[in-house]
Amino acid sequence: MKKRVLITLAHLRAGDFNEAQAVIDYVGVGVVITVEMGRETGEEGINGESLLPHRKLQIEVFGPLTIRRGNTELNANDLGGPKPRQVLEILLLSFGSAVSKTRIMELLWGGKHPAVALPTLESYVSVLRRHLQPGAGRSGPLRTVTGGYVMDRSMVDLDLDRFETLTQRAGHVEPREALSLLTEALDLASAPLFGDELLPAWAEEERSLHAERVSLARVLAAEAALALGEGSKAISLGRAAVKEDPLNERAWTALILGLEGNGDNEEALRAFERCRRVMDEELGCAPSAALRAAQARLLKSAAVTRVPADAGVPGRLSIVNRPAAPVVSQQLAAPLHIMIVDDHTTFAELLTGALEREPDLRSVGIAKSVASAVAMFPELRPDVVIMDLYLPDGSGLKAAESILAEAPEARIVMLTGNPSQDALREAARMGICAFLPKDGSLSIMLDTLRHARAGNMIVHPSLVARLGSATPPVPVNSGK
């Protein structure tokens, strides 16, 4: 009994004689080839799927690659292997434009083509067609053109194409419509391009370029929000854009202007300082004129508050877990300059690194002894000194006393792991601002530097607890 093979009318209408011949070659000699007419409502193909008219493929490339063909859903693992999938990705990244076979082979094999590269590529395309457009041959979305292939945009709905269309339209409309279009585009591109795959080098480059386009769309949306007076939205978009690309000055500008528009002047000045540092350290340049103008406005509008001379009486002691009331610096835009006095090199360097990561704090120098601390203070004029109680040539209290004698307004925070009652009394008498454990919380230490003020002495509870269990107190003026 002879075998019977169905060749649909769609193959012949599309002139896809190669597909028909492939079927004949596959089943061998001695078959009966039957050409059947499709139904009036559309021809029937594999698994009863309608071939005419063609349904649009729904393809998503943001996040996991997903393809919807009618009621069938395919993912990256359903396309016949990594190479056929990469062929599809190459064509989708050039959506609607033809890509030559030579170019596809270069991308697939990195210039090291196997001897049978061309027929291998053509077999990959055949595999793709069986998955994307079963029974439709060359008449489906993946079309053959002279010397190459193309994804027919009239037959595919691609999220990447919609993103690019929305962002292009946003550049030609008023701010309110632009914000709406850009918001829709950003919602589409909320996940990375082909986000679930380990991609070859060419695709990683495309992913990076696309990430830049998304970041630009975010900045444009922030600028549109600013134009509409929607400060909170501008701040949110600006922060996200700065996080994506800390060197994007337009993102910083949108964030800072948004904060200014919302009345968050101090936060805006801190953001300006972070921007200034990034621009200086990474690019070796200063912020733009627009940002400098914003800083000038913010400084002018910021209330300058000084601590009253009678704000506290020397000797008053506060035992707190965290500093209570902040001291507003005389110039909000500038970070607090901190001098570190400690002969433990590792500790001093780690603390310096922690200070440099804070936008409102900066290390200006390290002294390792009483003598060097006293000598360096008048040169550096730091806002706050953080000092070890025990130094190689004497007590940190001795250095503090010399510094306060010359600069009574100096703020000094003392560190120790073994305080004595005499040391605490002496520190309170001379006007030390705080006593903290050297092995305590870094966040509390940094907050104390921000809140330290003359007149009130902050003592960490753990030090007070240690006083009760301490063996004979260590003399105040003892060395290490």
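## Strands 16 and 17

V413 stands opposite A434 in strand 17. Strand 17 covers residues 434-437 and runs parallel to strand 16, with 4 bridges joining the two. Strands pair here if DSSP finds at least two bridges between them; strands (E, at least two residues) and helices (H or I, at least four) are DSSP runs numbered from the N terminus.

This is a predicted model, in which local features need pLDDT of at least 70 and side-chain atom pairs count only at pLDDT 80 or more, while totals for chains, interfaces and linings use all residues. Residues are numbered from 1 along each chain as its sequence is written, and side-chain values use heavy atoms, with hydrogens and water left out.

## Surroundings of strand 16

Strand 16 also pairs with strand 13 (residues 384-388), in the parallel sense and over 5 bridges. In this pairing, M414 of strand 16 is the bridge partner of M387.

Buried means under 20% relative accessible area, against over 50% for exposed and partly exposed in between (1.4 Å probe, protein chains only). R411, V413 and L415 point one way from the strand, while I412, M414 and T416 point the other way; all are buried.

## Helices 3 and 4

Helix 3 (residues 82-93) packs against helix 4 (residues 101-109) at an angle of about 125 degrees, and their axes are 10 Å apart. On the helix 3 side the contact (heavy atoms within 4.5 Å) is made by K83, Q86, V87, I90 and L91, and on the helix 4 side by I104, L107, L108 and W109.

The axes are lines fitted to C-alpha atoms over the stretch in contact, with angles from 0 to 180 degrees between N-to-C directions. Helix 3 and helix 4 are therefore oblique to each other, a term for angles that are not under 35 degrees (roughly parallel), over 145 (roughly antiparallel) or 65 to 115 (roughly perpendicular).

## The whole chain

The protein chain holds 18 helices and 18 strands. Of its 480 residues, 45% count as buried. Among contacts with a separation of 6 or more, 67% are between residues 24 or more positions apart.
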